[in-house]
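Visitor: I have a model open and would like to talk it through. Ready when you are.

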Amino acid sequence: MGEKQTNLLQGTLDLLILKALVTGELHGLGVSRRIEQITRGTFIVKPGSLFPALHRMEENGWLTSFWGESENRRRAKYYRLTRAGERQLGTETAEWQKIALAMTHALKTS
Amino acid sequence: MPGSRLKAFWRNWFRKPAVEADLDDEVRSYVELAADERIAAGASPSDARRATLADIGGAERLKQQVRDERAGTWPETVAQDLRFGIRQVTQSPGFALTVMATLALSIGIATAVFSVLYAMVIRPLPYRDLPRIVALDTRSASGGSQAASWPEYVDWRRMSRSFTALAGLMQSTVGLEAGSGPVALHEVQATDNFFSVFGVNPLLGRTFAPGEDQAGRNDIVVLSYEVWQQDFGGRKSVVGQAVRLDGNRYTVIGVMPAGFRFPINMLNAVYVPMHLTANQMKNRGNHWLQTIAKLKPGVTPRQAEEDLDAVFTQLGKNDAFNAGRTVHAVDMTTWVVGDTSNALRLLLCAVLTVLVIGCVNVAGLLLSRGVKREREIALRSALGARRGRIVRQLVTEAVVFAAIGAAGGVVMAYGLLRVMRLLLIASLSRGAEVSLNVPVLVAALAAAVTVTIIAALVPALRLSATSPTMALKSGGAAGTSRGQHRLRTGFVVTQVALALALLVVSGLLLQMLQRLRDTQLGFQPDHLLTAEIDLPHGRYAGRDVLADFYQPLLDRVSALPGVRSAGLIQMLPGAGWGWNSEHVHIYGTEPLKSPRTDPAEVRFVSPGYYKVFQDALVEGRLADPRIDKSTTRLVCVVNEAFVKKFIPAGRDPVGMEIGDNDQTDTMPSQPNPRALIVGVVKDLRQTIYRPPFPEMDYMIAQIPAAQTMDAIGDMKLVIRTAGDPESLVPALRQTFGQVDATVPLRDPQTMNTVIADVLTFQRLENWLFGAFAALAVLLAVVGLYGLISQDVELSEREIGIRLALGATRRTILSGIFRRVGWMMGIGVAIGLAVTLAAERLINSVVAVHAEQSAGLVAALALGLALAGLVATALPARRASAVQPMEALREE
């Protein structure tokens, strides 16, 4: 079941991670909590999907990572958007809105 | 972006420890952070940690998921799979070897044989406007093949309207005087328009100009590419150079490009214009000129035949030879491929059959193995392997098998082709040009590899789609699904059927070969040595070759130790025919009704020939050199077939006289042109394929000295030896050198080899079919064995239960054998049906005599069924040895 959801949400997940990081750097758990927050609890991203996505996006050059200290003073790996990541967020947002609009339109007409 | 990917790739590969440590830290930090959250929500530290780990499904699993996503990981996983695949190969070597050997054999055989077929049947001949080139198969009124005489050819060429070129040619051999001694070459003597038929331009220089086949202008030669390379070092300056052929001076005018040959099997040839003897020039009854032609554009072969027939009719008004003559314009491809095309087509079917059997076998083996591994795969997927990953692993394994098998196939194809090329050169017209056909090799490889991968993929997909818990739970019942079972049964039946069809065909061919070999030749071929003598024209023209060469040679050869007797004949018994007189008439019997002709074979022999072949005299006497000389009465010895055809029953042939117009031309100085029959001998086969022809033997001693070179310039030396004929060759070569150093010893062969060479194609065909059939049977047996073992293995538990419930071992065994019996029965029935369906094709190659072959077919079917039962014996024994308690405890 989990696997299926990842497949379905592959594109969406990237977009959500990018969006979550717009407001500033976050560690993995932070990204996951932030996504929960901005989607009002609709998407709960499991680590099994989150970490592969983070690493892939870093390899793509959209994110950069560094080790820092968390609010409760634990060492944690933080992710931050790069310029390329910001550009990617722009194009993916536009793309998504186009799709969303089309889908909404399609579902309304019957 | 590619830049960052590349950087990541680099990091993942070359700074792996750092990357791994980083990942390790990150996962640990995540677990701590998440656990902190849970503690904050009120959980105990240990519970929080456990819950978090359960949530991510284990730290190791999470790390693997990240690794899978990384750049540059696929080569690593492929390498892993490869290692695993190779380990699988070494772990079950029997299975692996079977699969790979099956692949190698199927690919190798299919490719090698197809390459031969392509070279011989499919590849176009190297001539321009091929469809317009025809060979003229002219036939006499009695229907026998009859070439043209020179005067006839001149008339046909002048009077016909359908051809842009009507050319004539004659093949012989010639000695080229090279620095190191005489080199034996093939010679094609042709008319001036010979090269215009083919439209192939010379590589260097020019070809014959019109009129260059006239005496005085015809001492010119065009070299084939091979001769140019081998004997002239490929020098461009060769054009214009003078060479000596058979002692005569010729000027090289051109060199043909590589690949141009006519006749197509003529390697090492030189092309010279016609050099006609006085007899050839004017004798209308001396039929020796083979004719080929190029049709005018738009003229069909049919129209050309009608045109020539009209010419024959017109000439036939005052010429017995052309009356009733017919012509068949055979297109060049048919003419070259000839008799063997049907046999080759049958062979092609056999090749495809073997390929199909091979693929079916590999598929069956892999499928049943996939079934065996169901549990392993279920376990993997339970442990978290993703579906794609499992499929990729199984496919990689299959690729390992396929790759090794394919490599073996390539090696096999090369090896087989080498062997076949050796065997083929002598017997097949285009054999010299056979080379490995790369597209076909690729196609065969692709077919086999695809089948392998699909066969591996099918169970992989099916299994990875079922839920692991189900597969694990169903335990021993795995793989017993009905569909699987039926598929594998179908495979076995197919294999048995195809194997039987191949067996029957090869059995029939073997029977035919046996019959041909057992043909009553009329002589014992053991202890006989033969060699060709081809006297150089320049040296011997006009001389008495009997006194100057043959007699001294025979005297010396007879004196060699180990020689029982030696003789001469112009055509070897068993290996050639067609040198005949068209108009044979016996004085005192019904005159022939013109234009019907009655041919009889003509042989020129020395007395020693009879001793060598141990001809049995039926009545009268043999020709005797002390009585029959060039000045005495012309005599001849005939065979029993001659007596049967020409002498009315009840009359004594000895003392009768033959009117033989064709030969009296050769013997003009005889006071009486009628030949007196002095003796009758038993029949010797002139050719293995036909019953004996009527034959008249003339004595070479009775040929007038001046005519000897024309009549017997080419002869066969035949020797009966006391011991091994081969061992005589060096001494014989020396003897030739002593008599005349310019005459090479050509082609020394034992008579057994000569006979075997005649049958080369049959032997090759047989050998191939035998190999195919053996391979097919082997594969079918292996397939059956695999299937039954599989069955037994999978149903061990069921057998255990049945035994525990009171079934006897006999019922278990009989159940298995009944199943095999059914499969064999259906396979054999289908196989026979297939054979019957292909009967027409088979019949065109080997006559299927129902009554003679029924026993053979039945025996083969029975043998195959028995082999099947034997293959079952081993797994069946294992089944009957199942211990109920153990079988039930397992799992």
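Visitor: Which strand does β11(B) pair with over seven bridges, and in what sense?
Guide: This is a predicted model, in which local features need pLDDT of at least 70, side-chain atom pairs count only at pLDDT 80 or more, and totals for chains, interfaces and linings use all residues. Residues are numbered from 1 along each chain as its sequence is written, with chains lettered from A and ligands numbered from 1 in the order in which they are written. The partner is strand β21 (residues 714-721) of chain B, in the antiparallel sense; strands are DSSP runs of E, at least two residues, numbered from the N terminus, and two of them pair if DSSP finds at least two bridges between them.

Visitor: What stands opposite Leu528(B) there?
Guide: Arg720(B), in β21(B).

Visitor: And β22(B), how many bridges to β11(B)?
Guide: Three, again antiparallel; β22(B) covers residues 746-750. There, Thr750(B) is the bridge partner of Leu529(B).

Visitor: How many residues of β11(B) are buried?
Guide: Six of the seven in 528-534, buried being 20 or more other C-beta atoms within 10 Å of a residue's own, with C-beta atoms placed from the backbone.

Visitor: Switching to chain A: what is its pattern along the sequence?
Guide: α-β-α-α-β-β-α, which comes to four helices (DSSP runs of H or I, at least four residues) and three strands. Of its 110 residues, 30% are buried.

Visitor: How many residues does each chain put into the contact?
Guide: Chain B gives 20 and chain A gives 19, where contact has C-beta atoms, placed from the backbone, within 7 Å. On the chain B side, α2(B) gives the most, with seven residues.

How values were computed: Contact = placed C-beta atoms within 7 Å. Buried ≥ 20, exposed ≤ 12 C-beta atoms within 10 Å, placed from the backbone.
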